[in-house]
Each structure stands twice: as C-alpha cells, then as structure tokens.
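Me: I would like to go through the labels used for this model and ask what each one rests on. Please set the value against the cut-off each time.

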Amino acid sequence: MTWATFWSAASAIFTFLTGLIALWAVFRWKKQDELKAKLSFKSAIGDYSYVLVHMPKNLFTPHLRSANHQNSLQLIDKYAACMHAWYITEGLLEKNKRVYDDWKIIEEQHSKFLRGEIDNGELGSACISILREKFVFK
C-alpha cells in the first residue's frame with residue numbers, strides 16, 4: 001500500500017464522518033427549533049392566563065366591561081401572542097389531543113368572555129390544563 005492510497009482512504013473516512021456529524025447537527029437544530037416553538041406557545045398561554053386571573057370572573061354588565069377595559073385590551077394582546085405562537089408551531093401540537101382541545105376552547109371562548117356572554121371558568125381551566133401538560137421537553 002502506498003502513502004497516496006493511505007491518505008486517500010483516511011480522507012474518505014474523515015469526509016464520511018464529517019457528513020455524519022453535519023447530518024446529526026441538522027436534526028438537532030430542527031429539534032431545537034421545535035422546542036423553541038412549543039416553549040413560546042406555552043409561555044404565551046402563561047401570559048394570557050396571568051392577565052385572565054386578574055380580571056373579574058365575568059364581564060356580564062356594561063359597567064364591568066368599562067371598568068376592565070384596560071385589562072381587556074391586555075387580554076386581547078396576550079391572545080394575539082398565543083395565536084402567533086400557535087401558528088409558529090406549524091401543527092406540532094395538533095397530535096397532543098389535550099393541548100389541541102384546550103386551545104380550541106380558548107379560541108372559541110375568548111371573544112365570548114370579553115363580550116360578557118360567559119364567565120372565565122372554562123377559559124381558565126383550559127389555560128391551566130395546557131400549562132400542566134408536559135409537551136415541551138417531551
């Protein structure tokens with residue numbers, strides 16, 4: 001065996017190993033991005049829940065809606081952040097039935113609560129359920 005053959009073989013082996021490491025890095029990078037998207041959604045739900053907790057149980061009367069106008073605007077902003085975070089997940093959480101179903105409850109009831117049609121009980125329960133579900137580091 002000549003030195004040229006030896007170095008050619010060594011070069012081929014190292015090129016193959018470099019390719020494997022690069023492939024592994026791409027998969028890890030994808031997993032990190034998925035983790036960030038899930039964490040962003042969970043964090044947005046936490047922020048939404050925090051504002052919801054500081055609001056009255058219901059906004060049934062015009063006086064209550066008027067008195068809580070600023071909190072309602074904050075809740076709307078937090079809901080928009082939740083929507084954005086949900087879209088960023090690109091369907092990653094749709095397989096998790098609990099998170100998906102609870103998110104649908106929030107989507108359906110957010111506006112109803114702000115219009116004074118329902119109390120915040122089911123909204124709060126859906127938030128807590130999402131926050132308790134372990135889906136980020138799973």
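Reply: This is a predicted model.

Me: Why is α3 called roughly antiparallel to α4?

Reply: The axes of α3 (residues 69-88) and α4 (residues 97-114) cross at roughly 150 degrees and come within 12 Å. Angles over 145 degrees count as roughly antiparallel, so α3 is roughly antiparallel to α4. The crossing of α3 past α4 is left-handed.

Me: Which residues make the contact between α3 and α4, and how do they divide by class?

Reply: On the α3 side they are Ser72, Leu75, Ile76, Tyr79, Cys82, Met83 and Trp86. On the α4 side they are Val99, Tyr100, Trp103, Ile106, Glu107, His110, Phe113 and Leu114. By class, the contact of α3 with α4 holds 12 nonpolar, two polar and one charged residues. Glu107 of α4 counts as charged because Glu is in the charged class.

Me: What makes α4 roughly antiparallel to α5?

Reply: The angle between α4 and α5 is about 150 degrees, and their axes are 9 Å apart. The cut-off for roughly antiparallel is over 145 degrees, so the label applies to α4 and α5. Their crossing is left-handed. In this contact, α4 gives Arg98, Val99, Asp102, Trp103, Ile105, Ile106, Gln109, His110 and Phe113, while α5 gives Glu122, Leu123, Ala126, Cys127, Ser129 and Ile130. They divide into nine nonpolar, three polar and three charged residues.

Me: What does arginine 98 touch, leaving out residues up to four places away in sequence?

Reply: Arginine 98, in helix α4, touches Ser129 and Glu133. Its C-alpha atom is 18 Å from that of leucine 35, a residue 63 places away along the chain.

Me: Why is asparagine 120 called buried?

Reply: Its relative accessible area is 10%. Buried means under 20%, so asparagine 120 is buried. Asparagine 120 lies in the loop between α4 and α5. Beyond its neighbours within four places in sequence, asparagine 120 is in contact with Leu52, Met55, Pro56, Lys57 and Phe113.

Me: How do you know that asparagine 71 is partly exposed?

Reply: Asparagine 71 has a relative accessible area of 23%. Buried would need under 20% and exposed over 50%, so asparagine 71 is partly exposed. This residue is in helix α3. Apart from neighbours within four places in sequence, asparagine 71 is in contact with Val51, His54 and Met55.

Me: Why is glutamate 90 called exposed?

Reply: Glutamate 90 has a relative accessible area of 73%. The cut-off for exposed is over 50%, so glutamate 90 is exposed. Glutamate 90 lies in the loop between α3 and α4 and has a positive phi of about 50 degrees although it is not a glycine.

Methods
Residues numbered from 1 in each chain as written. Predicted model: local features only at pLDDT ≥ 70, side-chain atom pairs only at ≥ 80, totals over all residues. Heavy atoms only, no water. Axes fitted to C-alpha atoms, helices over the stretch in contact; angles between N-to-C directions. Helix = DSSP H or I, 4+ residues; strand = E, 2+ residues; numbered from the N terminus. Parallel < 35°, antiparallel > 145°, perpendicular 65-115°, else oblique. Left-handed = near helix turned anticlockwise from the far one by under 90°. Contact = heavy atoms within 4.5 Å. Buried < 20%, exposed > 50% of the residue type's maximum accessible area, 1.4 Å probe, protein only.
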